[in-house]
Amino acid sequence: MDWVDEYSHNSFDLQCLLNSFPGDLEFKQIFSDIDEQIEQNATSIESCIKEIQSEVNKQCPDVQLQTSTDCFEWLASYHQNTSKSPSIPNGDLIKFLKTLQDFLKNEQNQEEMILNLLWDLSCRSSVSFPSSLSETSFHLLSRTSLHSVEDHSSVDVKSIWDDIRLHLRRFLVSRLQSHNEINNSQQKMILKNQRIQQLLFLYPESEVIVKYQNIQNKLLAKLLQNCFLSYSRDSNLDVMTHGFQNTMLSLYSMIKEDFDTLYEILAPSSTVKFIKETYLDTVTEEMTKFLENFCELQFKENTVRVVKTSKSSSKHRGAVHALVTPECPRTGRNIFLSFDELKFLSQLIKSFLKLENDVQELFEEMFLLLKMPRNTSGIVEKSNREIVIEKPKAYKTSIPLEQSLPGKEVTLLDFGWRNAFKEVSLPMAHCITTAVENFSTKILQQEQNEKSSAVSYAMNLVNVQQIWQDSHMFPEEEQPKKIAKFCSDIMEKLDTMLPLALACRDDSFQEIRANLVEASCKVATAVLARLQERGKEVPSKAPLKNLHILLSTAVYIFQHFTHCNNLMKETTKKPIFLVPVQRYQEFINTLQFQVTDYCVRVCATSILQDAESHHWDDYKAFYEGERCSFSLQMWHYFCWALHHDLWTILPPKIAQEILAEVLEKSLSLLASRYARAHPSYKRTPQIRLDVTTILICTENMLWSICTSVQNLVNPHESKDDKIFKIHTHCNNLFTTLAILTSPLTELYRTFQHGMDESASDSLKSLLNQPLHWVSCISHFYPSLLRTPSAGGLKMEGQLKLLLSQPGCNWNLLLETLLSNDGLLPRILLQSSTRTFQDQVSDTENNLNQGFSLTEAIFKVLYHCNFSPQTFGNVFVSYMEEEQLWDFLNYIPASVCMESEPEVIRCLRLALTDAVKDIVQKVISMMNHERNCETNLSKHSVPDSLLESIPKEWSYTPKETKKKDSSKGFTRLAAQAVSIVISKLPTVIACLPPPIKYFFFLSERKMSKNFVELKIAGLLVWNLIVLIRRIFKDGNAVELLTGASLDRWSKEKLGLICECLGSIIGEQSSPNQMTQKVIQSIEQQKPKWIERQLLKARKLSTECAFMTMEKSTVLEEGDTALELTEQKINMMVLDVCHKPGGSEYLRQIYHIMRLNEEYLKEHLFSMNGSEEKPLPIPPIKTTLRSVEAQPSVFNPFHVHKVFSENMLDQSVITKWNWNWSNLLPNYLGLDKMTFSVLLKNSCFCIHWEF
């Protein structure tokens, strides 16, 4: 198109693909857009080559470039012909330079004009101005170029030129210094980049770098002067550490800013050298001075301390004299460092390590060709095989050809901060062993004293701090919740020493690491011995809870040393804590077996030993047959007490494994005992009640030990066979109940013709269904546990399974949120609206301090690409209930209303992020045009100066080529509008499916009121409206692009907004300029705008149609939308990888935990049990973790739940069992089993088959 710049280039931001889940149509559009941009770039390159050919053919008649190959060959030999330039009159050159000199001396604020003129002469007339003293001539790189200035006048030329350069240099340096005061980082980098390029045009790169270094060194000195204060005995080490850490963060910001400024205009080696010499060497030097002062003061204090000691103890005088002799070498001075001082030095090293890693990542990210592997001396190493392509300077026009070719080896970055710690490294190595042994011994002794002073020792607990969040080495389900306090104290102090080992890259830190590793292994051994000792005290001297604490603590220490191995594997190449890790792994296995075995033995030998209750041959009924055995009630209490301790202390995975194993083995014991029971007639109802109690208690605990819906409803497909064994024991118990306690008449009626061998296969298939026993008692006990054939889990069961877990199970949480078309999110959103209204003035516990519940639900469902209908249905329902359609029609560019609904704010941020690339491209194009007009208007060259330019240079001012202003205005607006319209289909293709489905459903609600939406669609219409409002809002533009809008830019953007408004039909009568812009686009490509809008609309609705078709098919087939475990896992990973994703999930989970009762009641009322819907109370929104709250096992609460909600024993005894339906299921039962059970019954019938 004519309005496209001749040298414009386009790019595609592939990052947007990471936020979406494109389908075939979307990928087709994305690739089409990429192809189109490649073609446009190729066209721009061809136009540039043709212009070069035209200019060369015009200025050099003897050179005729016909093809692109001819052009490239001529450019390759361009620099070789510079030495053959003919001469120009010397007087003309001196006259031109003196005119420049006079303008700079006599006229104010002419520096920009002079710089632009010199650069224009260099680019347009190919004049090469010398930038160093060795370059003594001005060259014209064409057929009419100048020869060297004659010898007798060269001094005058150089003198005048140097004076001009000096004046311009002062101006540029002053501007560079003033740019450091700009707060906008992006604007600062752009201006600095421009000034440095101008300096490179005038001076050699080495001189420019030195001058810029001086500027930055002054800025750096101000930053460091408050950091490296003089160390004294009264210095607060914590305050100094905090100040130093903040300084290092500021230092990295400066490094990144200069890196972004320089890497495009300097060669990689020059950029690396500048960063190293300006920042890294400076901070290393300052740290060296600080540590020298630190060591000097420590040496003096130790000397005084030793002298005082010598006065009181004469037998050590020889050692003291040897210590303070002046012959003692400086590096070998005996300096004693306390733990606090070692901690202080360790924190300094930690800050240096972070700076080193950040700079490493910065260079690895920016210089893709610059490989920087770690070595023993610092960040990167110099390798003969690593080659970097040197970048030519942007303003330098006469670079030797060999400097621009690949294959030049450069000096890579070497951060030598470790050298600053050389003097203090030896004292650290000597003192670290003593310090570690001292604090560990002290803490262990304190723990021993606490134990000795207590009769029954219950270990002190602390919550585990999440110190490995960034490593992602151990999933949350494997991380302990609480551990022994003394171990936490020891590990916390060891962690403060860890940077000393991580810093080991050369010999200076080898001894430190070796000593720290040795001391840590000794501490690990001592702690392990203490844990083993405490484990032997259970149960004789300590409660069972101590075993749980010991197990959790051992897991914590095991993970701690495994994490340390992982951190140091880059330098050690092998695990250095291999022995402690192996010992703790063995101890963990032993402890876990000990806990399980103890609990099972307690059940078998104590709890379930109930002579009174299990007196089966007693002719009297047990409490008239209206209550279960005492032992079963105590077994239930024990299991839930164990459940409480495991859930609050141990890692979730181990807690569930232990409870599942204890439940399975105790059920095995119960099934065996009741199968051998020989009850009297009066005791038979007790057997029936006991077995029913066991089954109900087991069903209640199954929710806690199953980690997924599939594990719960399809245990035979689970990898863990414990759940399947539990169901097997329950089925065996129910078989015992059916044969042992059924009436004689029913037994005879069913089995009078003997066992039916033909029914054995059907029986096997029936009994192979693990949930058979659940279906048998479901007639009396309405369990939420339902088989897949019975419809699977309802929403109540899904919620119960989620909240029964020992921790937040991300996969299960997301699956629950997506179930029943997002039923739970809809309930929470309704309640959150009430909460916001009631707590708008409460800022202490209100969620709006961080992010709201609405935002959390929006962000989570927004990234669920496999379930777009959930997001759409949830928020369309919410918009309908809250009557927010008017807000959707007017999504602002920024927060302009105090009462902006939260969901509208989230939609605005999502759409703004989608159109950010469009806004940046338009603003970039606007700034380019603005700079061109500004340069032409503000820096026009006076006629007197133009007349002094040598005629041989054939210079033509830019003003003569200036295009008509009205045409340029139209071209500018047309180009901006075309950018917006051309990018819309790709923007929509990259949007996640949930947002497209939401707008599709919303359009069906709103299309009756907004006729203009029929062409573009609601989503396309909103995107264009949002772009218009961003252009009208200067704050929004600055937030997205970092550019501030002046009056000129606002006027041009105003016209662009009017054009976009006319396209979508917002303006019924567009003005003349708007019509002219749109007509210019239509003339180039008729109907192009309409086709683009239709393409965008098709992309926005295609996903919605596919989703609706799938939903329709599923409804017709009467099956639920199945989200496989793999899809759920992929969506969880996608959510957690987004900023704040895991926190959003955690937020929703905690609110569901806090409002569990309300959610259950609400779901219960929705099932038709309540005639009137429950009132919507404000939900609890406290962010405090449920697990963090102090909780103690309350047996009275368990008894209340057992009696009222689980097991009403008086009602169970009145259950009317339908034996005629139950017993035929056992016609194919094994004859031996049936005979044994029948023999044990009160009837004792000798039945032969």
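The mean pLDDT of the protein is 79, with 77% of its residues at 70 or more. Over residues 960-964 the pLDDT is below 50, and this stretch has four contacts in the model beyond near neighbours in sequence. Residues 1183-1190 also have pLDDT under 50, and here the model has 14 contacts beyond four places in sequence. Where pLDDT is low, the predicted coordinates should not be read in detail.

As for secondary structure, the protein has 47 helices and four strands. Of its 1249 residues, 52% count as buried. The accessible surface comes to about 59800 Å², and carbon and sulfur atoms account for 51% of that area. Among contacts between residues at least 6 apart in sequence, 79% join residues at least 24 apart.

Helix H28, residues 853-862, is mostly covered, with nine of its 10 residues buried. The buried residues of H28 include Leu 853, Glu 855, Phe 858 and Tyr 862. Thr 261 lies in helix H8, which spans residues 237-262. Is Thr 261 buried or exposed? Its relative accessibility is 0%, so Thr 261 counts as buried. Leaving aside neighbours within four places in sequence, Thr 261 is in contact with Met 189, Lys 192, Asn 193 and Ile 196. An α-helix has 3.6 residues a turn, so residues three or four places apart point the same way.

The model has seven cavities of 30 Å³ or more. The largest cavity holds about 90 Å³ of space. Which elements give two or more residues to the lining of the largest cavity? They are helix H13 (485-502), H14 and H15. H13 gives the most, with four residues. Among the lining residues are Leu 494, Asp 495, Ser 520, His 560, Cys 564 and Phe 577. By type, the lining divides into eight nonpolar residues, two polar and one charged.

The loop between helix H14 (507-536) and helix H15 (545-572) contains Pro 539. A cis peptide bond, with omega about 5°, joins Val 538 and Pro 539. Most residues other than glycine have a negative phi, and most peptide bonds are trans.

Two further sites concern phi. Asp 821 is not a glycine, and its phi is positive, near 55°. Asp 821 is found in the loop between helix H26 (810-818) and helix H27 (823-838). With 38% relative accessibility, Asp 821 counts as partly exposed. Lys 1087, likewise not a glycine, has a positive phi of about 60°. The loop that holds Lys 1087 runs between helix H39 (1072-1084) and helix H40 (1088-1116). Why does Lys 1087 count as exposed? Its relative accessibility is 51%, and the cut-off for exposed is over 50%.

Technical notes. Residues numbered from 1 in each chain as written. Predicted model: local features only at pLDDT ≥ 70, side-chain atom pairs only at ≥ 80, totals over all residues. Heavy atoms only, no water. Buried < 20%, exposed > 50% of the residue type's maximum accessible area, 1.4 Å probe, protein only. Contact = heavy atoms within 4.5 Å. Areas by Shrake-Rupley, 256 points an atom, 1.4 Å probe, with all protein chains shown as cover. 1 Å grid on protein atoms, 1.4 Å probe; cavity = no way out; pocket = protein on both sides within 12 Å on 5 of 7 lines; lining within 4 Å. Points joined across faces, edges and corners; volume = space filled by probe spheres on them. Nonpolar A, V, L, I, M, F, W, Y, C, P; charged D, E, K, R; others polar. pLDDT = per-residue confidence, 0-100.
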